[in-house]
Amino acid sequence: MNKIKKSDATKALLAFVFIALIFIPLINMFMYMDKESINKVVSSAVFGTAIKNSLISTIVSTVITVVLAFALAMSIERSSIKFKKIFSVMFALPMLVPSISIGMGLTILFGNNGILTKVFGMTQGIYGFWGIVMGSVLYAFPVAFLMLSDIIRYEDSLPYEAAKVLGLSKFRQFTAIMFPYLKKPLITVIFATFTLIVTDYGVPLMIGGKYTTIPVVMYQEVIGQLDFGKGSVYGSLLLIPAIIAFILDVLNREKNTNSYVPKRYIPSNRLLNRILAYIVCCLGTVFTLLPILSFVLLSFAKDYPNNMTVSLDNIEKTMKLHAGEYLINSIVIALLVSLVGIVVAFFTAYLSARMKSKMSKFLHLSAMISAAIPGLVLGLSYVITFKRSPMYGTIIILIMVNLVHFISSPYLMMYNSLSKANGNLEDVGHTMGISRAYMIKDVFIPMTKNTIIEMFSYFFVNCMMTISAVSFLANTSNKPISLMINQFEAQMQLESAAVVSLMILMINLIIKGVFHFIKREKHVC
């Protein structure tokens, strides 16, 4: 009884820390929304336009993203094509660079003096609505693809076998079997995609031109005019879709806890299916690679477009502009967040998954709350809360905000892994006189090593490429390298911005590659 009380007290304390690190800053942000700030925002000419633009561009982008992601997921999971792993890696590449890099890549390709603009003789670039839509799709479809692939991969094939026996057409099988199966998960995917796009300022800031969206206005109000009151109003608006998406995700997770699949779907070997799958995957790969290839071209060209000789001048120039120092900042932040985050996420997941009590569900929900808060909003709330504290202006505040911003997904990874372990392990250990500490060290940590690797990779990659949570908190001494992209673009130094984007991509690819190799070696052993 005493142990239960101690564990519940620990859970309550940990839950309070999670809630305090999110809600106290948010409350402080809401307190900045005085009547004058609200009136200024609502009466401004840009308010209605920004809301309309955000909704229209986000809805169009979400529809295209989900359709594209579904086509790619079906091509990978429901066909017998080769090179599936290579295609999947290609589709995930946009997740390894900041959204602002994607916007910049499209500017290099389709801007007024863009590479493809000149090749195809286009009279003007794609700044504005279609630029935002294209960039948003490129930014969001990898997440939607991974979610849909996971959903489709674990669909039971037995109803399809019964449908074949009954002579149902492919279309009827889709409407009667697949659509009902996908309906609830698809709602989560749609809202997650919508939230990802509507709260992003990187793509519209870089390629939106005069087509203004809410995150861009919020960014300009805080960075340009230091108006925290108006920024708080816009931040509150961005919270609405994020909270709706979070609630739907939690409800769907609660209703879909059974992962048992009697029989996996066997991919079709029909020639037509394979041809269509190859076409879709190749088009998806080209769409993904073009912006990244533009980084390479611009980074190594002597003087684009006048002199295309391969040169390291742009890299040398970028390093002289302190890119090396800011890269070290990013790596230090990413490493510390990853190490601290793994410990916090593991300990929290163990308490909620392996020491069940009435407090467990409360701790579980409190650990996932940060998933409902857009990075831009979290960053602003931290500025308002900590701007007069000793932490402000140091690297510690960036570590804290990144840890809070990204903790929910790694926590959920570990929670799911620990939940799958035999529920009687602790009782067996207790019977044999083995303490919980030794059980964790000798059983649970070795059992979840692959998950720990995934957690580290998730923390590190996201910290390297995030711009939203840190944009209001960084200064010249603690700035992460990702924030240099906007700085270089504003100074018309696209070559240096391309070099920085390429550096972030290379670091993240190395991390992903090293951990993939470690996991494979361990699997072989």
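Q: How much accessible surface does the protein chain have, and what share belongs to carbon and sulfur atoms?
A: About 25,000 Å², with 68% of that belonging to carbon and sulfur atoms. Areas are Shrake-Rupley with a 1.4 Å probe, and for residues only the protein chains shown count as cover.

Q: Before we go on, what are we looking at here?
A: It's a predicted model, where local features need pLDDT of at least 70, side-chain atom pairs count only at pLDDT 80 or more, and totals for chains, interfaces and linings use all residues. Residues are numbered from 1 along each chain as its sequence is written, and side-chain values use heavy atoms, with hydrogens and water left out.

Q: OK, what about secondary structure, how many helices and strands?
A: The protein chain has 23 helices and two strands. Those are DSSP runs numbered from the N terminus: H or I with at least four residues for helices, E with at least two for strands.

Q: How does the radius of gyration sit against a compact globule?
A: It agrees, because a compact globule of 525 residues would come out near 24 Å and the protein chain has 24 Å. That's taken over C-alpha atoms, and the globule rule is 2.2 Å times the number of residues to the power 0.38.

Q: And the box?
A: Along the principal axes, the C-alpha atoms fill roughly 75 × 65 × 50 Å.

Q: What percentage of residues count as buried?
A: 51% of the 525. Buried is under 20% relative accessible area, exposed is over 50%, and partly exposed is in between (1.4 Å probe, protein chains only).

Q: Now the inside: which residues touch the most other members of the largest nonpolar core?
A: Y382 and I481, out of 141 residues in that core. Helix α14 (residues 313-354) gives the largest share, 13 residues. A core here is a set of buried Ala, Val, Leu, Ile, Met, Phe, Trp, Tyr and Cys residues joined through side-chain atoms within 4.5 Å. There's also a second, separate core of five residues, including F129 and Y211.

Q: What is I481 in contact with?
A: Skipping neighbours within four places in sequence, I481 contacts A323, Y326, L327, S330, V500, M503 and I504. Contact means heavy atoms within 4.5 Å.

Q: Then I485, where does that one lie, and is it buried or exposed?
A: I485 lies in helix α22 and is buried, at 0% relative accessible area. Again leaving out residues within four places, its contacts include P98, I100, M104 and M206, plus V500 and I504.

Q: Changing topic: what's the phi of H322?
A: Positive, about 75°, although H322 isn't a glycine. H322 is in helix α14 and counts as partly exposed because its relative accessibility is 40%.

Q: And M492, what's phi there?
A: Near 60°, again positive in a residue other than glycine. M492 is found in the loop between α22 (484-490) and α23 (494-524), and at 67% relative accessibility it counts as exposed.

Q: Last one, where is Q173?
A: In helix α9 (residues 170-198). Q173 is buried at 4% relative accessible area, and its C-alpha is 6.8 Å from that of A163, 10 residues away in sequence.
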